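Hello,

Here is the structure I promised to pass on. Have a look first, and my notes follow below.

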Amino acid sequence: QVQLVESGGGLVQAGGSLRLSCLASGFSFSIYAMAWFRQAPGKEREFVAAITWNGGSTYYRDSVKGRFAISRDNAKKTVHLQMNVLKPKDTAVYSCAKRRSLSSDYTRIRGLAEYDSWGQGTQVTVSQ
């Protein structure tokens, strides 16, 4: 079955950096788009970044553009999220997700419904 295991979270001061990783297994990782979402306490899960199956295109929510970078290594079945210039409002549990379909239409790539499998998440806490 599909398994997604995140790592790399932690406590960091504002302005610092973290690199999250997600190790995938149980499916053909190299043919699926992948994404990162986050959920802060009391808030809904929100899209952070996505990457196409071959890494050719990436997508970001506006508030992280220029600070975060998503990447993937298909040989290692891993997707990463490099987070720089972190802010307290970035504090959340970050989860990776596998896209539901192989469609080449990425119009809805930022939507929760596009994904069918999720990891348990890794906590990122940014202090003032």
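Starting with leucine 112: leaving aside neighbours within four places in sequence, this residue is in contact with Phe37, Arg45 and Trp118, where contact means heavy atoms within 4.5 Å. Before going further, please note that this is a predicted model, in which local features need pLDDT of at least 70, side-chain atom pairs count only at pLDDT 80 or more, and totals for chains, interfaces and linings use all residues. Residues are numbered from 1 along each chain as its sequence is written, and side-chain values use heavy atoms, with hydrogens and water left out.

Leucine 112 sits in the loop between β9 (92–99) and β10 (115–118); strands here are DSSP runs of E, at least two residues, numbered from the N terminus. Its relative accessibility is 41%, so leucine 112 counts as partly exposed (buried is under 20% relative accessible area, exposed over 50%, partly exposed in between, with a 1.4 Å probe and protein chains only).

Lysine 98 belongs to strand β9 and is buried, because its relative accessibility is 5%. Not counting residues up to four places away in sequence, lysine 98 touches several others, among them Val2, Phe27, Tyr32 and Asp116.

There is also one disulfide, meaning a pair of cysteine sulfur atoms within 2.5 Å. Cysteine 22 and cysteine 96 form it, with their sulfur atoms 1.9 Å apart. The pair joins distant parts of the chain, 74 residues apart: cysteine 22 is in strand β3 (residues 18–25) and cysteine 96 in strand β9. Cysteine 22 is buried at 0% relative accessibility, and cysteine 96 is buried with a relative accessible area of 0%.

Best wishes

Technical notes:
Helix = DSSP H or I, 4+ residues; strand = E, 2+ residues; numbered from the N terminus.
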